[in-house]
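Please open the model in your viewer and keep the selection panel at hand.

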Protein chains: 2
Amino acid sequence: MGVDVGGTTTVAGVVARDGDVVADATAPTERLNPGRALDGVVALIAQVGRQVGRRASAIGIGVPGPVDARRGRVGEPVTHVPALAGRALGAELGRRCGLPVFVDNDVNALALGELMFGAGRGARSLVVLAAGTGVGAGIVLDGRLVRGAAGFGGELGHTPVKFDGPRCFCGGRGCLAIYASGRGIAEAARARTAGDAGSRMLVAAGGDPMAITAAMVFRAAGEGDPVAQSVIDETCRALGAAIGTVVNGLNPDVVVITGGVARSLAPLEARILAAARDHAFAPALAATRVVIVPGDKRAGVRGAAALALYEMRERTAKRRRASS
Amino acid sequence: MGVDVGGTTTVAGVVARDGDVVADATAPTERLNPGRALDGVVALIAQVGRQVGRRASAIGIGVPGPVDARRGRVGEPVTHVPALAGRALGAELGRRCGLPVFVDNDVNALALGELMFGAGRGARSLVVLAAGTGVGAGIVLDGRLVRGAAGFGGELGHTPVKFDGPRCFCGGRGCLAIYASGRGIAEAARARTAGDAGSRMLVAAGGDPMAITAAMVFRAAGEGDPVAQSVIDETCRALGAAIGTVVNGLNPDVVVITGGVARSLAPLEARILAAARDHAFAPALAATRVVIVPGDKRAGVRGAAALALYEMRERTAKRRRASS
């Protein structure tokens, strides 16, 4: 079973060994009340369990932000779901559900999902860049998740693509997320349309710059608006640079670009790949498949279930190593 | 035994299990004549063998540029040592020396050397950035070298730190190597001093811009030359961004900055770390040790020997897995 805890909704689903989501249920995420947050997840798990009429063998949970996966503990601060910050979610839920529960960052889980059931099936190494409100990332090398010394492994959304670029909302500078996240794209458009009452984007937003969304920027760019085009041009070039970093540095079998913004990126695939060619070594890029996968609502659940499967296998391998 | 094939000289050495280089010998690298290139390496290996009076158990060889380590084959093009391009060095030397011979990129070998015998002793994951004429890099995660789908893994010298930056000599754009390699630093200074006959750097170079070296630029920056300072400021910021990418993306235990330029970088450590803080997540950076290790002539040999040790262990582990 996989549980995808999002900033607004939580989805739980039962996933078959081939990645098929056979049943799922959705509930609003309890963001603030710690006690109720856990109750909500337990209730959702029970509900999906009743739907399929059989018991899952393990539960994987993907949450936004940093996670200490070894301890099953959600990192602090989790700005998206403050109720979970610092919680030993794995142990607490494990006790209440009587099943092994594994917790990790949602995009790490997504990377495992793509590797086992998605665009990376059969690959040994894969990098996911998930552009939504922010940009998350997950890295699997030689079949294993890269978690890093402090559980920050895979945060390529905050790889600097411009060392003298603008300040990012993470506190860093020139991060990919400024250029390729929904929030970054909308903020760049707001700044650049300021005072231009005739702007197509401002009109679409009813005259309120704060109502400009990334979707409006993509639409206006497609319709020829030069300000929107300048923003989206930087999105493509920054993504190309990040792909360059990934391809030259890690040279994985597959790079998957997904997340809520991916639907808008898909028509720009040729431009993103051209930008990647401007940065990556040609033979390295030729050996890496770059695919844009528009996010679907079940990808998170599939990823979380893949996490459970991955961790169960890791446990078995560890036990085998210990006994040999 | 480790053999470090450089662009101008080749060093062979016998390395004890604790990383101590007990004997070594040096000869000019035969760059162009393929037959003589191999003879030269074989002669050097024999010479060092005679010096210690006992047989090595395996030989590791580090060469510049891409290497297909699985096949022991040097990649093409190897601009530094054209005589080796496309050669199956592992097999050819193995036949002639009657020993297992392992070949890899020199900075991959350096990364293993730092992990086993140097700044990364006891660590599980480590990234080396080696700034010399160019910038090479090597990545070890969870004890294993990251080689990548086409043998390009670890080429973080060509991670773009500025997506709209200048063209790099690799054909890419805004690569770390433009800002942090000896060649890149010298070229930036040449371009910026053009026409300024009073420039401290031009004077040091006897009036010939082509004679400006990176060492001159570092010296002039230390003496207050504003043009040199602008170049070196970018060097520090670009290195900080690359450290940010490494720390946020891979979060290794250790980052080692070494190579010929590292001696000039050591006094700038505080500025480079400040630039890294401008890009990396604070808790991730806190978990990663960043050290500047001025390159020494024996580091390459130690790295190449570490490669041999690593590959012998990998073989044993593989055999054990296959038989279990």
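**The chain as a whole**

Select chain A: 57% of its 324 residues count as buried (under 20% relative accessible area, with a 1.4 Å probe and protein chains only). This is a predicted model, in which local features need pLDDT of at least 70, side-chain atom pairs count only at pLDDT 80 or more, and totals for chains, interfaces and linings use all residues. Residues are numbered from 1 along each chain as written, chains are lettered from A and ligands numbered from 1 in the order written, and side-chain values use heavy atoms, without hydrogens and water.

Colour by secondary structure next: chain A has 12 helices and 12 strands (DSSP runs, H or I of at least four residues and E of at least two, numbered from the N terminus).

**The second largest pocket**

Now select P64(A), G65(A), H80(A), D106(A) and G134(A), which lie nearest the centre of the second largest pocket among its 47 lining residues. A pocket is an open set of points on a 1 Å grid over the protein atoms alone, where a 1.4 Å probe fits, with protein on both sides within 12 Å along at least five of seven lines; lining residues have an atom within 4 Å of a point.

Finally, colour domain 1 (2–112 + 297–323) and domain 2 (122–292) of chain A separately; both contribute to the lining, so the pocket lies between them. The domain bounds come from an automatic or database assignment.

Conventions:
Buried means under 20% relative accessible area, exposed over 50%, partly exposed in between (1.4 Å probe, protein chains only).
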